[in-house]
Amino acid sequence: MPLTALSAHRRPLRRAAMAGLALLCFASAGSANVRPSRAVATPFEVGASPAGNYLAALSAASQKDTLAAATYFREVLRFDPRNPALIERAFIASIANGDMPQAMTLAERLVRIDPKNGLANLALGVRAIKTRQFASARTYLAKGGGFRQGEITSILLSAWAFAGAGEYGRALETTDKLTDRRLSLFRDYHAGLIADVGKRPQEAARRMKAAYDVENGTLRLVDAYARIESKQGRKDEALRAYRAFDEQLPRHPVIAQAMQQINAGKTLDSVVSNATEGAAEVLYGLASAGGGQGGDELAAIIYLRLALWLEPNHALAIISLGDAYERIKQDARAIDVFESMPANSPLRSSADLQIAFVLEKLDRKDEALEHLNAIVKDQPNDPDALIALANLQRSRKLYTEAAQSYTRALDTSAERGKSDWTIYYYRAVSYERSKQWPQAEADFRRALEAVPENPVVLNYLGYSWVDQGTNLDEAFRMLKRAVELRPRDGYIVDSLGWAYYRLGKYDDAVRELERAIELKPSDPVINDHLGDAYWKVGRRLEAQFQWNHARDLGPEPEEMPKILRKIEKGMDEDNAAPTVTPAVGSDKPKTDGG
C-alpha cells in the first residue's frame with residue numbers, strides 16, 4: 001500500500017507498452033489451473049522427484065513467487081536439461097527473481113534453440129550494454145521479435161547503445177523511429193536525455209520541453225526537465241516546474257531535495273549521465289507504464305530487475321519493484337527490495353516507511369511499530385513519518401496517541417496548504433473517537449476550509465451533528481451534498497439514511513438505507529441499520545433477516561451483543577437506542593495519510 005507521496009512517479013504513460021511481454025511471461029509461467037498453496041516454504045524443500053518439483057514450480061509461478069519458482073525450475077532442469085519449454089520457464093523465473101548470472105546462462109541456451117526469442121534477446125542485449133559491447137547489444141535487440149511492445153523497447157535501447165558508442169546523431173535518429181503520436185512522450189524524453197549526455201544543450205532542452213508539455217504531472221519527467229533547465233542556467237524555470245508539481249503532491253522528498261539544492265545555489269545533475277543509466281531509464285519507464293495493471297505485474301518486475309541490474313541505485317525503480325511485490329502479495333520480497341535503497345537517497349525514508357507498512361500487513365505488529373518509532377526518533381521533523389505513525393496508531397484504535405502524532409506532523413511546518421486537510425480530518429476522527437468533540441469539530445471545520453466540497457468531511461461532520469441533535473439544518477445540507485458528490489458511496493448514503501432514522505423519519509431512513517445496502521451489501525453496520533429501520537416501520541421479518549445478516553458479516557466485537565439481543569427480543573424500550581457510530585467507510589485505516 002504505497003505512500004501517496006510516491007504514487008505520482010508511477011502514473012502510467014501508456015499501459016500498452018508492456019502487454020505483449022506480459023502475455024509472454026504468463027504463458028510461460030505455468031498452468032493457471034494449478035491450485036497454489038498458501039505459501040512456499042523457505043528454505044525450499046526440494047524433492048528428489050522431478051514431477052514433484054515441476055508441480056511445485058508451477059504452483060509457485062501461479063502465485064508469482066519468483067524465488068520459489070526459480071528454485072524449483074532450476075531443479076527440474078537437472079533432470080531434463082534440453083527441454084525448451086523448461087529452459088524458457090526457468091529463464092523467466094530467474095530473471096524475475098533477479099538471479100542475473102543464471103538468467104543469462106539460460107538466455108544463451110534459449111537463443112540457440114529459438115534465435116528470435118524476444119525476452120532472451122532483450123536480456124542478452126541488456127547484458128551487452130552493461131559490458132559496453134554496444135554493437136553486440138544492437139544485434140541482440142534487433143532480434144527481439146516483431147511484436148509492437150518489443151519494438152518500443154528495442155528502439156529505445158538501441159538508441160542508447162548508439163549513444164554509448166558516441167554516435168549521438170544516430171542515437172537521436174533511432175528515437176525518431178517512434179513515429180506514433182501516442183509514443184511521442186517516450187521518444188522526446190529519451191531524445192532529450194541522449195542529447196544532454198551528448199552535450200547538445202539546445203536539442204536537449206527542446207526535446208525535454210516537448211515531453212514536459214505533454215505530461216507535467218509525472219515525477220520523473222518533471223525532475224528530468226527541471227534538472228536540464230537548472231544545468232543550462234535557467235534556475236527560475238526549474239523552480240517553477242518543481243513548485244507546480246509540489247502543489248499537486250506536496251513534500252515529495254525528491255522534489256524537496258532538488259528545490260533545496262537550487263535555493264542553495266547548486267546546479268543540478270541530469271537524471272542520467274551515461275548510456276548504461278539511460279538504458280536503465282528505458283526499462284524503468286516501460287515498467288512504470290505497464291505496472292499496476294493486473295496481468296502486467298510480472299512483466300513490470302522483469303523490466304525493473306533488468307533496470308536495477310544496470311543501475312542498482314535507481315531509487316524510483318527500487319520503490320516500484322517493492323510496490324510490485326506488494327501488489328502480488330510477495331511481502332517478504334518487498335521488504336528485501338525496500339531495504340536495498342541506498343542510505344543517501346532522498347527516498348530512503350520513504351522505503352523505510354514502506355517496510356513498516358508491510359510488516360503491519362504481515363501481522364508483525366510489534367516490529368512495525370518499533371520500526372516506525374525508530375524512523376520518527378531519527379527524523380523527528382519528517383511529516384510523512386509522523387503521519388505514518390499516526391495512521392498506524394489510529395488503525396489500532398490508539399486515538400489519543402494518534403491525535404498527538406498528527407499534531408506533531410502539523411507542527412513540523414508553519415505553512416499550510418490544501419493537502420493538509422487529510423491531517424486535520426484524521427486528527428478530527430481521532431479526537432472524536434477519543435471523546436474530545438470540541439477539538440474534533442474544530443478540525444473538521446479546518447478541513448472543510450481547505451476543501452469545502454469534500455464529501456468525506458461533509459459526511460462525518462454532518463452525521464456527528466445529527467447524532468448530537470445540533471446544527472440540524474446545516475448537517476442535513478452537508479449529508480445531502482455528500483450524497484450528491486458520491487452517489488455510489490454506500491457508506492455516505494448510509495449516513496444520510498441513519499440521520500433520518502435518528503430524527504424519527506423512518507420511511508425516509510428505509511429508502512436511503514435500502515440504497516446503501518445495494519451499494520455495500522456486505523457491510524455489517526449498514527445491514528444492522530436497515531434492520532433497525534425496518535423494525536420501526538413494522539417490517540419485523542425483514543428486520544430479523546437484516547440483523548442475522550449483520551451478525552454473519554462479522555461486526556465489531558462491541559456491536560455483536562447488541563445485534564444478538566435484537567435478534568432474540570426485537571427492539572423494545574431497553575435496547576431501542578441506535579448505534580452511534582456511522583458506517584464511515586472513508587475512515588477505514590489508511591497508510592498514506594489520505
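The model is predicted. The chain has 32 helices and 0 strands, and 56% of its 594 residues count as buried.

**Whole chain**
- If you look at contacts between residues at least 6 apart in sequence, 59% of them link residues at least 24 apart.

**H24 against H26**
- Helix H24 covers residues 421–433 and helix H26 covers residues 455–468; the two pack at an angle of about 20°, their axes sitting 11 Å apart.
- Angles under 35 degrees count as roughly parallel, so that's the label for H24 relative to H26.
- As for handedness, H24 and H26 cross in a left-handed way.
- On the H24 side, the contact uses Trp421, Tyr425, Val429, Glu432 and Arg433, while H26 brings Val456, Val457 and Tyr460.
- Sorted by type, the residues in this H24–H26 contact come out as 6 nonpolar, 2 charged and no polar.

- Helix H15 runs over residues 253–263, and its buried residues are Pro253, Val254, Ile255, Ala258, Met259 and Ile262.
- Those buried H15 residues are covered by elements including helix H13 (219–231), helix H14 (235–248) and helix H20 (348–361).

Conventions: Residues are numbered from 1 along each chain as its sequence is written. This is a predicted model: local features need pLDDT of at least 70, side-chain atom pairs count only at pLDDT 80 or more; totals for chains, interfaces and linings use all residues. Side-chain values use heavy atoms; hydrogens and water are left out. Axes are lines fitted to C-alpha atoms, for helices over the stretch in contact, and angles run from 0 to 180 degrees between N-to-C directions. Helices (H or I, at least four residues) and strands (E, at least two) are DSSP runs, numbered from the N terminus. Angles under 35 degrees count as roughly parallel, over 145 as roughly antiparallel, 65 to 115 as roughly perpendicular and the rest as oblique. A crossing is left-handed if the near helix is turned anticlockwise from the far one by less than a right angle, and right-handed if clockwise. Contact means heavy atoms within 4.5 Å. Ala, Val, Leu, Ile, Met, Phe, Trp, Tyr, Cys and Pro count as nonpolar, Asp, Glu, Lys and Arg as charged, and the others, Gly among them, as polar. Buried means under 20% relative accessible area, exposed over 50%, partly exposed in between (1.4 Å probe, protein chains only).
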